[in-house]
Amino acid sequence: MKIQGVFVVAMILAATSGCVTTKEWSATGGSRADGVVRLSYEVGAMEQAQLSESQAIAMATRRCATWGYTGAEAFGGTTRQCNQPGGFGGCATWVVTKEFQCTGTGAPQAAGGNTVIVSPVVTASAGPSAAPAQPAASEPGYEAALRHAAARGCSAAGISHVSGNVFRANCPATGRSLILQCQGATCKEVD
């Protein structure tokens with residue numbers, strides 16, 4: 001009987017623990033005027049992400065330096081957003097985002113308001129030399145993302161494919177960046 005109990009506990013632990021996976025941060029947004037850089041990574045529901053905080057600080061500092069700041073500091077915690085719904089109402093893939101505040105003196109703001117940097121999330125499996133994912137007309141949901149973004153004043157050139165059915169729309173006219181989750185011919189904005 002004791003062996004069966006130990007076996008059951010071992011099976012429960014094996015089923016609930018995930019694989020440890022090394023992930024790298026990727027710049028996914030920010031605001032020059034506010035001196036804020038957003039870094040993100042994707043993680044599967046059964047993965048435990050292993051991250052380098054020094055890599056995140058170095059990347060945020062480089063982004064801030066392009067705006068004339070001298071450094072960057074993490075502030076707040078991370079936010080987690082479902083990127084790909086899973087079965088039984090769960091989530092198969094999450095996008096985890098962390099914000100960094102630029103420090104030091106920033107360069108004067110150019111005319112036209114906020115400058116937003118946008119690039120798609122690149123997973124660790126893509127490797128550091130992989131080019132950013134560019135959407136193709138054949139990508140499921142791409143046409144719907146174009147229509148949804150155009151209705152909100154965003155240009156087709158500002159659409160990038162994040163992963164699965166998720167797209168990012170850069171809207172220079174409004175200074176916003178939209179995250180769109182598309183199913184068939186419809187899209188919804190997600191935070």
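Mentor: Partly exposed denotes a relative accessible area between the buried limit of under 20% and the exposed limit of over 50%. The model discussed here is predicted.

Trainee: Is R38 buried, exposed or partly exposed?

Mentor: R38 has 31% relative accessibility and therefore counts as partly exposed.

Trainee: With which residue does R38 form a salt bridge?

Mentor: A salt bridge requires a side-chain nitrogen of Lys or Arg within 4 Å of a carboxyl oxygen of Asp or Glu. The partner of R38 is E99, and their closest N and O atoms are 3.8 Å apart. R38 belongs to strand β3 (residues 36–44) and E99 to strand β6 (residues 91–103), so the pair ties together parts 61 residues apart in sequence. E99 is partly exposed, at a relative accessible area of 29%.

Trainee: How many salt bridges does a search of the whole structure find?

Mentor: The search finds three. Another of them joins the side chains of E53 and K98, at 3.1 Å from N to O. This pair links distant parts of the chain, with E53 in helix α2 (residues 53–65) and K98 in strand β6, 45 residues apart.

Trainee: Why does K98 count as buried?

Mentor: K98 counts as buried because its relative accessibility is 12%, and the cut-off for buried is under 20%. E53, by contrast, is partly exposed at 36%.

Trainee: Where in the chain do K23 and E47 lie?

Mentor: K23 is in the loop between β1 (19–22) and β2 (26–31), whereas E47 is in strand β4 (residues 47–50), 24 residues apart. Their side chains meet in a salt bridge of 3.4 Å, N to O. K23 is buried at 9% relative accessible area, while E47 is partly exposed at 28%.

Note on methods. Residues numbered from 1 in each chain as written. Predicted model: local features only at pLDDT ≥ 70, side-chain atom pairs only at ≥ 80, totals over all residues. Heavy atoms only, no water. Helix = DSSP H or I, 4+ residues; strand = E, 2+ residues; numbered from the N terminus. Buried < 20%, exposed > 50% of the residue type's maximum accessible area, 1.4 Å probe, protein only.
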